[in-house]
Amino acid sequence: MIQTRSKKNAWLAFLAVLAFLTLIFVLDQVIKPTDRLGMLLIVLQKGAVYALAAVSMNLLNGYTGLFSLGHAGFMLLGAYTYAIFTIPDKSRDAVYQYYDAAVRFSIPEQLSRHMGGFGTALGILIALILAGAVAALLAWLIGLPVLRLKSDYLAIATLGFAEIIRALFQWSKLGPITNGSNLLKNFARASKFKLEIAGAKLSLSTFVPVLIATVSIALIVLIVNSTYGRAFKAIRDDEIAAEAMGINLAKHKMIAFVTSSFFAGVAGATLAMVLSIAQANNFKSAMTYEILLMVVLGGIGSITGSVIGSFLFVAASEWWLRGLDSGKFLGIEAPNIFRNGFRLVVFSVIIMIVVLFFRQGIMGEKELPDLFRKKKKTPVKEAES
Amino acid sequence: MTEQKKILSVEHVTMQFGGVVAVNDLSMEVREGEIVAIIGPNGAGKTTAFNVITGVYAPTNGRVYFDGDCVVENHPHGKMKKSYLGEYADLYKQVKEPTPDQLTKLGMARTFQNIRLWKSMTVFDNILVAKHLKRSSNLFSAAFRFNRAEEENNRREVLELLKIVGLEELKDELATSLPYGKQRRLEIARALATHPKLLLLDEPAAGMNPQETQELTQFIGQIRKDFDVSIVLIEHHMDLVMDISDRIYVLDFGRLIAQGVPEEIRANEKVIDAYLGVVDDAEN
C-alpha cells in the first residue's frame, strides 16, 4: 500500500514537471525578449540557473551538513570548461585576441559536421557534462585534504579555494586556455538556440536552461531520496552515530562533495550559456553568498525551498525592484531617493524581515507536496501499564 | 559453563590520554551467546573501553580479537613511546586502527550513553539507515532505483524488526518525539538492524524508573534469544546487571579489579569497597 501511494506521487510530480516545461516552451514562443514581459524570460533563465546552484549547494550544506563556501569556484570551472569547448573554430582567434588559443576543439561543431543539428545539441550536452566532470574532479582533489575539516574551518578552506581558482583563471600565463582576464564569448549560448520544424523557427533560449536545471534537480532529488541521501542526512544529524551504524564518513562526505560540485559545474556552464559570456571576475565569493542566501531563504534542507528562494531572489533583484534604481517605483517618481544602489538597501531590509519571520526559511525542511498533504496526528502513546 | 567460541577477546588494552591512563591493562572476553556486564564507579573507564572495542579510539597498547580475527592492535609509538605509563609496551608490533564503520560491518553494533538517534528522521527511517551498510548499490544504481528489490526487502525487514521491538505503531513519528524509554528501545533496534554478532549497550537503563528497567531487562533477554547475539553492557542498575549477566567485569580507576559470575561479584570485598558499598545501599 505504501508502494502504490509513493508511485502515484511520483507520477503526479512527473506530470507537474512536464506541464511546467510545456508552459516554459510556450512562453518562449509567445513572449519576445523585447516585450514588456521580456524580463520574465530573463528571470526564468537566471532563476533556473540559480535554482540548480542553490539545490546543489543544499545537497552539501543542507543535507550532508558540510558547510562549504566554494560554490562560485566550481561554477567558474564549469562555465570556463563549457565555454572553451564550445567556441566555434572561426571565432576562436577573435576571442583569444591577445593569446594563441591552446584548445582548438569545439565539441558541438565537430559533432554537427557528422550529425547536423542533432550533433550540435549532443555536443552541447557533452560539453555540459564535461563542465560538471571538471568541477567534480577538482572537488575530489580538494576534498582529500579539506573534508577532514569541520564546520567553519571547512567553510574557510573552500572559500579560499574558490578565490584561488578565480585568481588562477585570470593569470596571464594561463591565457592560451582561459584568455586571462578577458572574457570568453561567442560560444554556444542560449539566445541562439532554435528548433526548426517545417520551416518554423522555435526559440529555445529559455526552454533549454530551464530543461537543464529541471533534469539536474530531478537527479539530485533522486539521490536525496535514495539510500545514499538517507545516509547523508544521518551524517548531518549525528556523525558519531552514523559512523557507528556502518556509514563510512570519509567516503560519503566525498560523494556528497563531488556530486554537489558536479551540479555546481553544470550550473556554472548554464549560467555562461544564459549570460553569453564567461569571465572569472563574475564568480566572486559574493556569488557564493547570494546562493547561500537563496538556500537559507528557501529553507536549509528543502529542495523546493531552494528553488522558490532562487526564483524569488532573482525576480526581486532583477525585475520587481528594478524601479528603485531608476527613479520610478510602483508609480511613485522620486529620482532623488530612487537612485542607483537604493534597490540593494530595500532588498537587504526585505531579506532581514523574511529571516526574522521565517526562522527556518520559507519552507523549513518541508517540500512543496508536504503542504498539500493533510497532517494526520497520531498522539504518541506513553508507556502504559 | 561449557567452553564456547569466543566472540570478543580484549588483550592487555591500555588507553592513555596525555598523562591520564583511562583504561589500564584490560583483558576480557565474551563467548558466543553470553551477556557480559562491565560495572564500576563513574570515571572508571567503562565507556572508554567500549570506545576502544568499537574503534572510536585507537588504544595506546593492546589487541582486540573479534570473531576469531585480530581487528584492533596498537603499541606505544611516536610521542607516546616515552610517556607511556602502562605495561607490556613491547608485546605488540602491528598497528591496526579500523574506523568504527569497518567494525560495524564485521558485526559489532553499539548504543550510546546519551541517546544518539537521528533527530530529523522518523522511527522507520532511523532503522532503515542502519541497512545502508549492507547495500549492494552505488550512487548511480541507487539514484536510478536499480536497487528496488533490495530497498523493498530492507523496508520489509525494518517493519518486522519494529514489530518485534514493539514500535510498529510509532514508525512514522519523529524519533525524538518518542518517550525516553522508547528512544532507548529504538536505539537498540537500530543497532540490531545491522545484523550484529556482538551488541554493546552503554547504560541502556540510564534514567529509567524501576518498572521501565524491568521491561528492559526482559527485552535484553528476549533480544539474545531472538537475534542470536552476544551482549556486552555497561550499567549502574545492579538489579538489571545481577539479573541478566552471565559474567561481570568490574573496573575501578581503569583497572580490572574483579571478574566472575554475579554471585562472586556480589560477595567480592574489593568490589564492595570500590563500588557496591554496603549491601543495603546497592539499590542505588
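Analyst: A residue is called buried here when its relative accessible area is under 20%, exposed when it is over 50%, and partly exposed in between, using a 1.4 Å probe and protein chains only. Residues are numbered from 1 along each chain as its sequence is written, while chains are lettered from A and ligands numbered from 1 in the order in which they are written. The model is predicted, so local features need pLDDT of at least 70 and side-chain atom pairs count only at pLDDT 80 or more, whereas totals for chains, interfaces and linings use all residues; side-chain values use heavy atoms, with hydrogens and water left out.

The interface comes first. Contact means heavy atoms within 4.5 Å, and on that basis 43 residues of chain B and 35 residues of chain A take part. Buried area is the accessible area (1.4 Å probe) that two parts lose on being put together, summed over both. For chain B and chain A it comes to about 3,400 Å², with 58% on carbon and sulfur atoms. On the chain B side, Trp118(B), His132(B) and Leu139(B) lose the most area to chain A, and together they account for 19% of what that side buries.

A salt bridge is a side-chain nitrogen of Lys or Arg within 4 Å of a carboxyl oxygen of Asp or Glu. The rule gives 2 salt bridges between chain B and chain A. Glu151(B) and Arg230(A) form a salt bridge through their side chains, at 3.0 Å from N to O. A polar contact is a pair of N or O atoms within 3.5 Å; within protein, one atom must be able to donate a hydrogen and the other to accept it, and residues adjacent in sequence count only if both atoms are side-chain atoms. Between chain B and chain A, 14 residue pairs are in polar contact, with both residues at pLDDT 80 or more.

Helices (H or I, at least four residues) and strands (E, at least two) are DSSP runs, numbered from the N terminus. Two or more residues on the chain B side come from each of α3 (100-106), α4 (123-129), α5 (139-143), α6 (148-165), α7 (180-192) and α8 (210-227) of chain B. Of these, α3(B) gives the most, with 4 residues. Sorted by class, that side holds 16 nonpolar, 10 polar and 17 charged residues; Ala, Val, Leu, Ile, Met, Phe, Trp, Tyr, Cys and Pro count as nonpolar, Asp, Glu, Lys and Arg as charged, and the others, Gly among them, as polar.

Pro100(B) belongs to helix α3 of chain B. Leaving aside neighbours within four places in sequence, Pro100(B) is in contact with Glu243(A) and Ala244(A) from chain A, and with Thr54(B), Gly55(B) and Val56(B) from chain B. Because its relative accessible area is 7%, Pro100(B) counts as buried. Thr54(B) is 46 residues from Pro100(B) in sequence, yet their C-alpha atoms are 5.6 Å apart.

Thr48(B) sits in helix α1 (residues 46-53) of chain B. With 14% relative accessibility, Thr48(B) is also buried. Beyond four places in sequence, Thr48(B) touches Met15(B), Phe17(B), Ala22(B), Val23(B) and Tyr57(B).

Over all chains, the rule counts 27 salt bridges. One of them joins the side chains of Lys46(A) and Glu318(A), at 3.1 Å from N to O. Lys46(A) is in helix α2 (residues 38-63) of chain A and Glu318(A) in helix α14 (residues 303-320) of chain A, so the pair ties together parts 272 residues apart in sequence. Both Lys46(A) and Glu318(A) are buried.

In chain B, Glu32(B) and Lys5(B) form a salt bridge, with their closest N and O atoms 3.8 Å apart. Glu32(B) lies in the loop between β2 (20-31) and β3 (35-39) of chain B and Lys5(B) in the segment before β1 (6-17) of chain B, so this pair ties together parts 27 residues apart in sequence. Glu32(B) is partly exposed at 35% relative accessibility, and Lys5(B) is partly exposed at 45%. Salt bridges with shared partners also join Lys6(B), Glu29(B), Arg31(B), Glu34(B) and Arg247(B) into one network.

As for confidence, pLDDT is the predictor's confidence in each residue, from 0 to 100. Chain A has a mean pLDDT of 87, and 95% of its residues reach 70 or more. Within chain A, helix α12 (residues 249-275) has the highest confidence, at a mean of 96, and strand β3 (residues 328-329) the lowest, at 72. Residues 376-385 of chain A have pLDDT below 50, and this stretch makes 13 contacts in the model beyond near neighbours in sequence. Where pLDDT is low, the predicted coordinates should not be read in detail.
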